[in-house]
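Dear colleague,

Please find below the structure that I am handing over to you. My notes on what was found in it follow directly after.

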Amino acid sequence: MKLHEYQSKQIFSRFGIPVPQGIVVENATEARNAAREIGLPVVIKAQVLVGGRGKAGGVKIARTLEEAEAQAEHILNLTIKGLPVRKVLVDPAAEILSEIYLGVVIDRTQRRAVLMASAAGGVDIEEVAATAPEKIVRVPIDPFVGLPDYLARDVAVSIGLARDHWNEFIRIARGLAAVFVANDASLAEINPLAVVSNDGGSRLLALDGKMVIDDNALFRHPELAAMRDPDEESEAERKARNADLSFVSLDGDIGCLVNGAGLAMATLDIIQHFGGRPANFLDVAGGARAEKVAAALRIVLSDPKVKVVLFNIFGGITRCDEVARGIIQALEEVKVNVPMVARITGTNKEEGDRILASAHLITANSAAEAAQKAVALARAAHARS
Ligand code: GDP
Ligand code: MN
C-alpha cells in the first residue's frame with residue numbers, strides 16, 4: 001500500500017526528519033487560506049499515488065495568493081497517470097541549492113534493507129539509475145545493528161556532501177532507516193532531500209516523501225491501514241481485498257478460481273501451455289466456503305473479458321463435496337452466463353463431481369483436461385462473437 005507525500009512526511013517528522021510545515025487542502029479557496037497562513041511563496045503539490053508529478057505539471061510555485069488559488073484550482077482538475085487529484089499539499093516554498101536522493105528499499109538478493117543515496121537527486125533519478133548507476137551509493141543495513149552513525153557518515157562522504165551537513169545527514173539517514181523498519185515499509189524515500197538556503201546559511205530539508213507499506217504487515221499498523229486511498233486500487237481489487245481473496249487481474253479470457261497460491265500459479269501455467277490466456281489470478285484460499293466462492297465468482301464475472309470460468313480446487317482438510325456445495329450455493333447468489341469447467345480433486349472427489357455435474361458444470365479429472373476444455377470453450381466463444 002502506498003502512502004501520499006503528506007502522510008509520509010508526517011511520519012518522517014515523527015522520526016526527526018525535517019520537513020516543510022505544510023497544509024493539505026481539497027479546494028482552491030482553502031489553498032489560498034493555507035498560503036496566507038504559511039506565508040508566500042508556497043509550492044502547491046498534487047497528492048496522487050504516482051511518481052513524476054513535477055514533470056506532469058502537478059508541482060507549482062505560487063508567489064501571490066491569487067496564484068496559489070489559481071494553481072490549486074488547475075492542479076485539482078488534473079488527472080495524473082490516470083489518477084484524479086483530490087487533494088493538494090500547500091508547502092512553504094524552499095530555495096533549493098542542490099537535490100540529494102535518499103531511499104531505503106529491500107534488496108532481495110542481499111536479503112536485507114539497503115540505504116541508497118545520490119548527489120544527483122531530483123526528478124531525473126530514474127534516468128540516473130539507468131544510465132549512471134555508479135552515481136548511486138548503496139549500503140546494506142544489518143537488521144540486528146541498524147544503520148550506525150559511521151556508515152551514514154560514509155554515505156555522506158561518498159556523495160560529496162559538504163562537511164557542515166554531515167551531522168544533519170546522519171540524523172536523517174538514521175531516521176529514514178528507522179521509519180522503514182518501524183512501519184514495515186518496502187520503500188521509504190526522500191527525493192529530493194534538498195540543501196536549502198536558511199538564514200544566510202543552508203540546511204537539509206525533506207521536500208518530498210514516499211512510502212510503500214508491506215500489505216502483509218498492515219494488520220499490525222491499523223493507523224496506516226486507515227490511510228489507504230481507495231483510488232489506488234481498482235473496484236475488483238478492493239472487493240477482493242475486503243473478501244480476503246488474493247486477486248491479480250490479467251489480460252486473458254479464462255477466469256480462474258483456485259485454492260492456494262501455488263495451485264493458482266500452476267493453473268495459469270497449464271492454461272498457457274494449452275494455448276489459452278488466464279484473465280486473473282485468484283486464490284480463494286482455505287476451505288472455499290460458499291460466501292467466499294460467491295465473492296470470487298462476482299469479481300471474476302465483473303470482468304467482461306471472461307468467457308469461461310475454470311475451478312481448480314484441491315479438497316484436503318475441506319472435503320470435495322463440501323467445496324462443491326459451496327460452489328452450488330454461490331451459484332444460487334450469482335448469475336453466471338458463461339460456461340464453467342471444474343476440476344476438484346482430493347477427499348470425496350466422486351461425490352463432489354456428482355454435485356457439480358448436476359449443476360451443469362463441466363467436470364474434468366485432471367488439471368490438464370480442465371485447462372484444455374476451458375481453452376476450447378474460450379476459443380468457441382470468440383469464434384461466435
Ligand atoms: P515528484 O515530481 O512527484 O517527485 O515531486 P517532488 O515533490 O519531488 O517535486 C518535483 C520537483 O519540484 C523537485 O525535485 C523540486 O525541483 C521542485 N520543488 C519541490 N518543492 C519545491 C520547493 O519548495 N521549492 C522549489 N524551488 N522547488 C521545489
Ligand atoms: Mn520527488
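Asn348 is partly exposed, with a relative accessible area of 36%; here buried means under 20% relative accessible area, exposed over 50%, and partly exposed in between, with a 1.4 Å probe and protein chains only. Asn348 sits in the loop between β18 (340–346) and α12 (349–358), where helices (H or I, at least four residues) and strands (E, at least two) are DSSP runs numbered from the N terminus. Its phi is near 60°, a positive value in a residue other than glycine. Lys81 also has a positive phi without being glycine, near 45°. Lys81 belongs to the loop between β5 (79–80) and β6 (83–84) and is exposed, at a relative accessible area of 59%.

Please note that this is a predicted model, in which local features need pLDDT of at least 70 and side-chain atom pairs count only at pLDDT 80 or more, while totals for chains, interfaces and linings use all residues. Residues are numbered from 1 along each chain as its sequence is written, chains are lettered from A and ligands numbered from 1 in the order in which they are written, and side-chain values use heavy atoms, with hydrogens and water left out.

Overall architecture

The protein chain holds 13 helices and 19 strands. Of its 385 residues, 49% count as buried, and along its principal axes the C-alpha trace spans about 85 × 50 × 35 Å. The chain is divided into domain 1 (21–92), domain 2 (96–225) and domain 3 (234–384); these bounds come from an automatic or database domain assignment. Between the C-alpha centres of domain 1 and domain 3 the distance is 46 Å.

The largest pocket

The largest pocket has a volume of about 810 Å³. A pocket is found on a 1 Å grid over the protein atoms alone, as an open set of points where a 1.4 Å probe fits, with protein on both sides within 12 Å along at least five of seven lines; lining residues have an atom within 4 Å of a point. Grid points are joined across faces, edges and corners, and the volume is the space filled by probe spheres set on the points.

Where does the largest pocket lie? Domain 1 and domain 2 both give residues to its lining, so the pocket lies between them. The lining has 35 residues, and Arg53, Val123, Asn191, Pro192 and Asp208 lie nearest the centre. Elements that each supply at least two lining residues include β3 (42–46), α4 (125–131) and β13 (210–213), while β11 gives the most, with three residues. By class, the lining comprises 17 nonpolar, seven polar and eleven charged residues. In this scheme Ala, Val, Leu, Ile, Met, Phe, Trp, Tyr, Cys and Pro count as nonpolar, Asp, Glu, Lys and Arg as charged, and the others, Gly among them, as polar.

The manganese ion

Asn191 (O) and Asp208 (OD) coordinate the manganese ion (ligand 2), at 2.2 Å. Donors are N, O and S atoms within 2.8 Å of the metal (3.2 Å for Na, K and Ca), and sites may look incomplete because water is not among the atoms. Asn191 lies in strand β11 and Asp208 in the loop between β12 (201–206) and β13, 17 residues apart. Asn191 counts as buried, at 12% relative accessibility, and Asp208 is buried too, at 18%.

A cis peptide bond, with omega about 10°, joins Asn191 to Pro192, and Pro192 lies in strand β11. The peptide bond from Leu40 to Pro41 is also cis, with omega near -5°; Pro41 is in the loop between α2 (28–38) and β3.

The second largest pocket

The second largest pocket has a volume of about 580 Å³. It is lined by 15 residues, of which Asp215, Arg241, Leu245, Ser246 and Phe247 are the closest to its centre. Both α8 (235–242) and β14 (246–249) supply at least two residues of this lining, which divides into six nonpolar, two polar and seven charged residues.

Helix α10

Helix α10 (residues 290–301) has twelve residues. Nine of the twelve are buried, among them Lys292, Val293 and Leu297.

With kind regards

Terms used. Expected span 1.5 Å × (residues − 1).
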